[in-house]
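This report covers selected strand pairings, ring contacts and helix packing. The sequence and coordinates come first.

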Amino acid sequence: MARIVMKFGGTSMAGTERIRRVANIVRKQAAGGNQVAVVVSAMAGETDRLINFCREANALYDPAEYDVVVASGEQVTAGLLALTLQSIGCPARSWLGWQLPLRTIESHASARVESIDGEGLIAAMERGEIAVIPGFQGVSEHNRITTMGRGGSDTSAVAVAAAVGADRCDIYTDVDGVYTTDPRIVAKARKLRAVTYEEMLELASVGAKVLQTRSVGLAMKENVRVQVLSSFVDDDAASADDYPGTMIVSEEEMNALVEKGEMERQHVTGIAHDKNEAKIILTRVPDRPGSVAHIFDPLAKASINVDMIIQNVGRDKGETDVTFTVPQSDLARAQALLEDRRGEIGFNRIITDSKIAKISVVGVGMKSHAGVAATMFRSLADRGINIQAITTSEIKVSVMIDEDETELAVRVLHTAYGLDAPDEAA
Ligand code: ADP
Ligand code: ASP
Ligand code: MG
């Protein structure tokens, strides 16, 4: 007997037919006496639809009321799944965020889990009831509804798994695991049997949206065993207990898999892209101590994340251009903040560009192998793709390029690092 948390994403929950398939997968997992809690997303497209309503109602919407609106999508699917489970003879009930309660910090639209009371859930599961929990939502210390940022149901699932001491957290989605890159872009992407927490954290943070970044960080911290797998499977497909998907594992577990010959160690594990950043160039900034602090202090105070930064070589007259990226959704705010401080910073012009993409290659193999970045630059140059900025970390190299070249760049790099799946035998 095991205790399992299962999470189903938006595509898996899109409509009553699909919810019925999900209910069948849940019933199978519960059969044999397993204790099961299920975390669900809103139906695919629903969160976008609700966000649009907020924008139409009030362009400068209050994030607390935004959360009230967008959290409703998950309430609907949680109730529907409980009803569907009941209809096939499985005792089930829904547990909304405030009913658990799942406490988060007050930060609306991007709340973080603070604590979950797992007692009610554990008691229900021990009675043989399936607990259905809407993902994405929680409640703040002031009893207001909060949501946890796009893709937040993954984090809800991992947090619930930690709170109830689950043996495993299975993230069911519309692909059958974590791939070397987005399989919707590169047909030759390969499914990974396992990936380390560290690499998955980095991949998620640079755009591989298969798991929300925070969910991976939380799983790593709380030691939650996470599997990514598909909910779109036939009745006779392998059980989740046989690990048909991708396991997120510790470095030690990965080393053991490599030693047993079950995984190959590559210098690069995966490639991700992100089209959600925008570039800002400030021209003719005075080239003296303190200039850069004047630019980035106000952005930091406004919680605007700056990612890539380049300060060009100072030209004559002690002036320099400073280029950096911010999330596209913060571009207007960042621009307004900088305009307000034009005198203090002393720049000449602000130039912005949203048509950029960040392409990143990730792999723990980089720690001990030189030349990964050089291969990236050479491969992109050979295809005439211009690099506008570069950043690196211990296990990642990212470049900024023109957005129109995203797909080409990802494919070229996937081939360059030997990640392409072999051609299917005819
Ligand atoms: P869900 O609604 O189930 O949460 P998401 O759309 O959030 O699903 O995440 C699944 C999607 O992530 C896949 O359909 C795929 O296009 C995308 N994706 C991006 N990078 C990867 C990757 N490296 N491996 C698998 N899927 C990826
Ligand atoms: N429905 C929310 C979103 O689309 C949360 C989730 O699906 O994980 O971002
Ligand atoms: Mg998701």
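Which residue in β11 is the bridge partner of T173? The partner is S230.

## Basis

This is a predicted model, in which local features need pLDDT of at least 70 and side-chain atom pairs count only at pLDDT 80 or more, while totals for chains, interfaces and linings use all residues. Residues are numbered from 1 along each chain as its sequence is written, chains are lettered from A and ligands numbered from 1 in the order in which they are written, and side-chain values use heavy atoms, with hydrogens and water left out.

Strand β11 spans residues 226-230; helices (H or I, at least four residues) and strands (E, at least two) are DSSP runs, numbered from the N terminus. Five of its five residues are buried, so β11 is largely enclosed by the rest of the structure. Buried means under 20% relative accessible area, exposed over 50%, and partly exposed in between (1.4 Å probe, protein chains only). In a regular strand the side chains alternate between the two faces of the sheet. Here V226, V228 and S230 point one way, and Q227 and L229 the other.

Two strands pair if DSSP finds at least two bridges between them. Strand β9 (residues 168-173) runs parallel to β11, joined by five bridges. Strand β12 (residues 246-249) is antiparallel to β11, with three bridges; V228 stands opposite T246 of β12.

## Aromatic contacts

The whole structure holds three aromatic pairs. Rings of Phe, Tyr and Trp (its six-membered ring) pair if their centres lie within 6.5 Å; planes under 30 degrees apart count as stacked, over 60 as edge-to-face and the rest as tilted. One of the pairs is Y61 and Y66, which is stacked because the centres are 5.1 Å apart and the planes at 15°. Y61 is partly exposed at 28% relative accessibility, whereas Y66 is buried at 9%.

F296 and F324 form an edge-to-face pair, 4.9 Å centre to centre with 75° between the planes. This pair links distant parts of the chain, 28 residues apart: F296 lies in helix α10 (residues 291-301) and F324 in strand β16 (residues 319-327). Both F296 and F324 are buried.

## Helix packing

Helix α10 also packs with helix α11 (residues 331-340), at an angle of about 135° and with the axes 10 Å apart. Axes are lines fitted to C-alpha atoms, for helices over the stretch in contact, and angles run from 0 to 180 degrees between N-to-C directions. The two helices, α10 and α11, are therefore oblique to each other (under 35 degrees is roughly parallel, over 145 roughly antiparallel, 65 to 115 roughly perpendicular and the rest oblique).
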